[in-house]
Amino acid sequence: MPRRRPGALRAERGTYEDRRPPAWTRPLPPVDRLPPDAAAAAHWGRPGRAAEIAELLSRYRSFLRRPGGTLLLGPSPCPGCPGCAREDIAVVRDELAELQRALPPVARTALGRVLRDLDARFLRRTLPDPAPPADRWADWRGRPRAWWHRRLYEDT
Ligand SMILES: [Zn+2]
């Protein structure tokens with residue numbers, strides 16, 4: 001049998017993170033509305049990650065559950081510190097996007113489904129900002145910001 005390149009072998013085996021989590025992970029605590037195998041995969045990769053996802057999703061949900069019609073985003077009182085930055089729902093959505101990218105495929109897809117539903121509600125209940133300031137187009141490093149930063153904020 002010809003020797004195969006290590007890269008090809010690795011691709012075939014998949015990384016630790018890519019494989020479906022084993023059955024023993026299934027009884028791990030649920031993560032929001034992710035199906036059990038996706039929740040297990042979120043737990044499996046890195047301790048604390050699943051709880052972080054659940055906490056961010058619950059913030060997103062409670063923003064969307066606020067009474068009334070149109071929702072205005074609220075800026076964080078102190079954007080610099082990680083805890084308070086999450087007062088701004090656009091930052092919460094950024095963190096979910098970032099966590100989603102690093103998830104194993106089964107969890108990434110499942111979280112994507114949950115987020116699509118929440119994003120649709122977010123789009124329905126918020127308004128586009130007709131003239132967003134420059135810092136809603138790109139962050140201080142010049143990296144482009146996602147569309148959820150260009151919804152209407154309350155006047156401050
Ligand atoms: Zn703070």
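Predicted model: local features only at pLDDT ≥ 70, side-chain atom pairs only at ≥ 80, totals over all residues.
Visitor: What makes up the secondary structure of the protein chain?

Guide: The protein chain has six helices and zero strands. From the N terminus, its elements run α-α-α-α-α-α.

Visitor: What makes helix 2 and helix 6 a crossing pair, and at what angle do their axes cross?

Guide: The axes of helix 2 (residues 36-45) and helix 6 (residues 105-125) come within 8 Å and cross at roughly 115°. The crossing is left-handed. At this contact, D37, A38, A41 and A42 of helix 2 meet V106, A107 and A110 of helix 6. The residues of the contact divide into six nonpolar, no polar and one charged. Asp counts as charged, whereas Ala and Val count as nonpolar.

Visitor: Why is Y60 called buried?

Guide: The cut-off for a buried residue is under 20% relative accessible area. Y60 has a relative accessible area of 1%, and is therefore buried. Y60 is found in helix 3. Leaving aside neighbours within four places in sequence, Y60 is in contact with I89, V92, R93, L96, L115, L118, D119 and F122.

Visitor: Why is Q100 called buried?

Guide: The relative accessible area of Q100 is 19%, and buried means under 20%, so Q100 is classed as buried. Q100 is found in helix 5 (residues 89-101). Apart from neighbours within four places in sequence, Q100 is in contact with R108, L111, G112 and L115.

Visitor: What makes C78, C81 and C84 donors of the zinc ion?

Guide: A donor here is an N, O or S atom within 2.8 Å of the metal. The SG atoms of C78, C81 and C84 coordinate the zinc ion at 2.1 to 2.4 Å, so they meet that limit. Along the chain, the donors follow the spacing C-x2-C-x2-C. Water is not among the atoms, so sites may look incomplete.

Visitor: Why are C78 and C81 called partly exposed?

Guide: Partly exposed lies between buried, under 20%, and exposed, over 50%. C78 has a relative accessible area of 31% and therefore belongs in that class. C81, with a relative accessible area of 32%, is likewise partly exposed.

Visitor: What makes the phi of D32 worth noting?

Guide: Most residues other than glycine have a negative phi. D32 has a positive phi of about 50° although it is not a glycine. D32 lies in the loop between helix 1 (6-13) and helix 2. At 26% relative accessibility, D32 falls between the 20% and 50% cut-offs and so counts as partly exposed.

Methods: Residues numbered from 1 in each chain as written. Heavy atoms only, no water. Axes fitted to C-alpha atoms, helices over the stretch in contact; angles between N-to-C directions. Helix = DSSP H or I, 4+ residues; strand = E, 2+ residues; numbered from the N terminus. Left-handed = near helix turned anticlockwise from the far one by under 90°. Contact = heavy atoms within 4.5 Å. Donors = N, O, S within 2.8 Å, 3.2 Å for Na, K, Ca; no water. Buried < 20%, exposed > 50% of the residue type's maximum accessible area, 1.4 Å probe, protein only.
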